[in-house]
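Subject: Structure handover

Hello,

Please find the structure below. My notes on what was found in it follow.

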Amino acid sequence: MVDQLNARLRAERVTLRYDHRTVSEDLSFAVPDGSFTVLIGPNACGKSTLLRALAGLLRPAVGRVLLDGSDLVALPAKERARRIALLPQTMAAPEGITVRELVGRGRYAHQRVLRRFSRADEEAVEAALASTGATDLANRRVDELSGGQRQRAWIAMVLAQETPLVLLDEPTTYLDVAHQIDVLNVLHRLVTQGRTVVAVLHDLNHAARYATHLVAMRDGRIVAEGHPASTVGTGLVAEVFGMPNQVVPDPVTGAPLVVPADTREPAAG
Amino acid sequence: MLGTDRAHVAVGAREAAVCVTAALLVTALAVIGLWVGDFPLRFDEVLGVLGGRIGGLTRTVVLEWRLPRIAAAIAFGAALGVAGAIFQTITRNPLASPDIIGLANGSFCGMLIALLLLGGGWHLLMLGSLAGGLVAALAIYLLAYRDGLSGFRFIVVGVGVSSMLAATNTWLLLRADLETALFAAAWGAGSLNTATAEVVWPATGVILALLVITPLWSAALAQLELGDDVAAASGVAVDRDRAALVLVAVVLVSAVTTVAGPISFVALAAPQIARRLVRAPGLPLAATAVVGALLLLGSDLVAQHVIPLTVPVGVVTVTLGGAYLLWLLVHEFRRTRWSTN
């Protein structure tokens with residue numbers, strides 16, 4: 001199945017390990033070009049680890065990750081970063097940095113050793129600010145922003161990298177629901193503009209609505225993948241999350257909507 | 001677009017202003033340092049020597065007795081500041097300074113071993129000090145490395161290694177004969193009394209060469225401020241560049257420690273003071289170098305001329321450092337209570 005897809009980025013039979021803890025073994029996976037691929041699964045199922053391997057941040061102990069046919073670990077870091085961007089889970093904004101300066105840091109892979117901010121850099125920064133709706137925030141300090149605004153600034157930094165592949169690890173976690181939808185709409189727009197987006201999401205219903213390719217993981221393995229309409233069902237959700245549930249059509253978009261079964265203890269008396 | 005230009009120009013201009021101001025102060029202090037001392041000179045005599053118009057004993061006093069010490073204070077201050085900025089950026093922690101994580105004790109240890117077991121000689125002492133610093137850094141790096149380098153673990157491991165090295169150094173000193181022990185103990189307090197031309201110029205040469213190449217990594221350093229993962233994803237070869245930066249910082253510190261012993265506080269404070277003056281995000285390398293030079297030169301003049309008995313400059317810097325450390329801890333505590341990021 002994997003080979004039928006057009007996929008610039010793919011993992012071939014990789015074993016992923018931290019120290020001596022094996023997260024995934026013999027895992028193969030391809031990111032369909034132009035897709036909005038969403039990884040879901042319970043905590044510690046290996047989604048983030050897979051994402052880090054796809055971004056070239058974690059070297060597979062066995063197997064390899066291929067980008068345009070060449071081994072990711074053999075690519076020079078800057079060349080890799082001109083094709084794949086990743087927004088990790090942990091990042092640190094230096095005290096006092098402005099949004100525009102932060103977004104400018106996304107241009108590292110395009111710059112020479114002694115940094116010169118070129119016209120192309122300026123334009124990429126402005127475009128990234130505009131497409132995340134952060135233009136008005138450009139001169140604000142990152143440490144003064146709300147959580148949603150801050151997340152948009154970080155996403156803008158990743159977009160300024162101008163890569164065809166954009167990977168994001170839980171970009172909506174810690175945001176309120178309106179800001180989650182904001183961020184997902186930004187990502188959706190990227191996909192319509194021709195970029196390939198891979199994101200780890202926690203909210204199943206957001207995943208089912210926005211993903212064009214859904215990947216469900218458990219215990220370091222891919223349990224199922226495909227379009228949400230043909231993938232998300234009561235059985236899969238029960239298998240992956242161990243949660244009794246019903247799946248009904250989303251009244252707004254018709255996408256699968258997961259509703260947890262009522263597992264409360266009956267009230268006393 | 002204009003906004004970005006303006007922001008860059010504004011930060012650039014502020015850093016330039018800070019550098020120029022601090023450099024002028026350094027120059028002024030340097031001239032005072034050449035002028036004042038046990039051998040009384042008139043101010044115009046100093047200028048005459050610098051202009052090449054006066055020779056003889058006056059020239060010897062200024063250029064051969066006093067200049068090496070002044071040059072050492074400037075070069076060593078800059079070296080310590082830049083080394084501190086590198087460690088603080090890599091670990092993203094303002095407490096990570098070479099003197100706290102044990103590099104200075106490592107250099108001292110290597111130097112003591114060269115002195116006591118191998119007999120000494122400046123070249124041997126230099127090599128011993130350099131090797132000691134490198135081994136200490138490597139030990140901390142390997143002990144603290146676990147799927148990447150956590151700044152906090154790096155510091156805690158460094159403090160541990162530092163204490164072990166300090167104990168080793170004490171033990172080595174106890175084994176030495178009195179004369180050697182006195183020499184080593186004076187050196188161990190951090191002093192520029194031993195800054196003679198013979199040792200200062202080679203050390204200064206090494207330091208200048210390193211300071212010239214350090215800007216090659218300034219962009220990578222700026223990315224590392226954002227976290228290892230962000231840096232790696234944005235195109236920094238994190239492990240390679242970080243190892244190169246640690247090496248540069250260790251050699252800088254060792255070059256200083258070899259001649260002057262472990263001088264505390266400058267590496268800790270110069271980057272933070274420079275950052276607050278420049279008001280830039282991250283630690284500005286050039287400003288840090290000039291502020292470091294100013295701190296050490298100023299402290300050495302105080303140690304030599306202001307305090308009634310001549311004390312090692314390390315005593316002055318460590319006193320300043322204690323006060324600064326308290327202030328920093330209070331400040332950091334407040335800041336981390338307010339924001340989680």
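S11(A) and S12(A) form a hairpin with six residues between them, where strands are DSSP runs of E with at least two residues, helices are runs of H or I with at least four, and both are numbered from the N terminus. In the turn, A:Gly254 has a positive phi of about 85°. The two strands, S11 (residues 245–249) and S12 (residues 256–260) of chain A, run antiparallel and are joined by five bridges; pairing requires that DSSP finds at least two bridges between two strands. A:Val247 stands opposite A:Val258 in S12(A).

On conventions: this is a predicted model, in which local features need pLDDT of at least 70 and side-chain atom pairs count only at pLDDT 80 or more, while totals for chains, interfaces and linings use all residues. Residues are numbered from 1 along each chain as its sequence is written, and chains are lettered from A and ligands numbered from 1 in the order in which they are written.

Chain A also has an open sheet of six strands in the order S6-S7-S8-S3-S9-S10, with mixed pairing. Strand S6 (84–87) and strand S10 (221–226) of chain A are at the edges with a single partner strand each, so one side of each has no neighbour in the sheet. From one strand to the next the twist averages 15°. Within the sheet, S7 (residues 165–169) and S8 (residues 196–200) of chain A run parallel, joined by five bridges, and A:Val166 stands opposite A:Val197 in S8(A).

Helix H6 (residues 177–192) of chain A lies across S3, S7 and S8 of chain A, at about 150° to S8(A). Angles run from 0 to 180 degrees between N-to-C directions, with axes fitted to C-alpha atoms, for helices over the stretch in contact. Contact between two residues means that their C-beta atoms, placed from the backbone, lie within 7 Å.

In chain B, helix H4 (residues 103–116) and helix H6 (residues 151–175) pack at an angle of about 25°, with their axes 9 Å apart. Residues making the contact include B:Phe108 and B:Leu112 of H4(B) and B:Leu165 and B:Leu172 of H6(B).

Between the chains, the contact takes 29 residues from chain B and 38 residues from chain A. Helix H1 (2–35), helix H9 (218–224) and helix H10 (228–233) of chain B each supply at least two residues of the chain B side.

Regards
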